[in-house]
Amino acid sequence: MEPSLRHANNFDFLRLAAALVIIVSHACALQVGYAAIPGNSPALLVGQAALASLFVISGYLIPQSWMAQPDVKRYFWKRSLRVFPALVPALIFMLLIIGPLATTLPLADYFMTLFSPFTLASPGSVWNGSALGLFQSNPVTFVNASLWTIPVEFVMYILVALLGVVGLLRRKDVLLGLIAADFALWTVVSGDHGLAKVRFTLYFLIGAYLAVHHREHRYDPATAALLAVALAAASQTPYVTYLALVAVPYIVLTVAHLGVPALNTFGDRGDFSYGVYIYAYPVQQTIVLYLGTSMPLWIFSALSILLTFPLAYASWHLIERRALALKQVEFRDRADVLSTGQNP
């Protein structure tokens, strides 16, 4: 987003709010294990709604970024700057700082396993923690389950670029067709817990459709409130996930466009949402490992936020803000470089 547009919406506030809600949702699951959480648990449903909100926001903003500057090299440069500079230090923190503190293996064995060809070729063996002896006594042994969304979202970035390059991004029938196909796929695989996560790409596509074809729509707070009430009423029924596909995007975009100065300027001190999202899970797992599972949920959640936020703060000020400042760095064609005789 351009700096001049930041105060025209509340996306910074919404992203951080969603990341904090996800911490609370994870706090509930990490104390008892995912298998012990019923599918209609309020903590689980609220966490899923928060994650869906992040996909809606991304889907709404990323196509606008492409349309504002439809250049493939520039587009992927900006997307990469947003994702990878902060992610790499978070992975280092997770595996080289938390890992040695959390592993049941001797340190020599831990590092030997971590840097083995098998582990490097099988990232999944790192995420579940078992191969590295991480969090084996916890109700959940994942090291950072939150990271599953990053490759999924990057695939959606690629899709936006492909549609933009071939001139189909502005075609209403194409986006509606993709939404319909994605919905059909989700209904087929919804019985598989892992594959059912495909529904979150629906939120991205719905956000993209609304950004491209209904960007000037005025969202009605009263309608959003009614949808929120309906969503809460349906929370214990099988229809909640279907209703959420309509309710969550409308509620998110309504809040995003409220003219509330305190929310419009919320991100002036920084956008800490990504840092909160990528650091919180291993921090919470470490809390469970050392302090157990008997803490009241509110204490666990508060402690998780208290320990995660300094990491997110440092990530923004030391890494993310500086990386994002390079978004509009000037690219030089190789032919220009060769003609001037300078090193690329």
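**Cores and helices of the predicted model**

V248 touches A49, A52, S53, V56, Y203 and L231, with residues up to four places away in sequence left out of the list; contact here means heavy atoms within 4.5 Å. A separate core of nine residues, the second one, includes I23, V276, A312 and W316. A nonpolar core is a set of buried Ala, Val, Leu, Ile, Met, Phe, Trp, Tyr and Cys residues joined through side-chain atoms within 4.5 Å. Residues count as buried under 20% relative accessible area, as exposed over 50%, and as partly exposed in between (1.4 Å probe, protein chains only).

A word on the basis of these values: the model is predicted, so local features need pLDDT of at least 70 and side-chain atom pairs count only at pLDDT 80 or more, while totals for chains, interfaces and linings use all residues. Residues are numbered from 1 along each chain as its sequence is written, and side-chain values use heavy atoms, with hydrogens and water left out.

The largest nonpolar core holds 85 residues, of which F11, Y203, V248 and I278 touch the most other members. Helix α2 (residues 42-68) supplies the largest share of this core, 13 residues. Helices (H or I, at least four residues) are DSSP runs, numbered from the N terminus.

Helix α3 (residues 72-102) has 31 residues and reaches 42 Å from its first C-alpha to its last, close to the 45 Å expected at 1.5 Å a residue; the expected span is 1.5 Å times one less than the number of residues. At L81, α3 bends by about 35 degrees, and the proline P85 follows within four residues. The bend at a residue is the angle between axes fitted to the seven residues ending there and the seven starting there. At the start of α3, a side-chain oxygen of D71 lies within 3.3 Å of the backbone nitrogen of K73.

Turning to α14, its end C-alpha atoms are only 36 Å apart, whereas a straight helix of 28 residues would span 40 Å at 1.5 Å a residue. A bend of about 45 degrees is found in α14 at W316. The buried residues of α14, among them F300, T308, A312 and W316, pack against α1, α3 and α13 (273-291). L318 also belongs to α14 (residues 297-324), but counts as exposed because its relative accessibility is 55%.

In helix α1 (residues 11-32) sits H26, which is buried, with a relative accessible area of 16%. Beyond residues up to four places away in sequence, H26 touches Y34, S146, Y281 and Q284.

Key:
Helices (H or I, at least four residues) and strands (E, at least two) are DSSP runs, numbered from the N terminus. A polar contact is a pair of N or O atoms within 3.5 Å; within protein, one must be able to donate a hydrogen and the other to accept it, and residues adjacent in sequence count only if both atoms are side-chain atoms.
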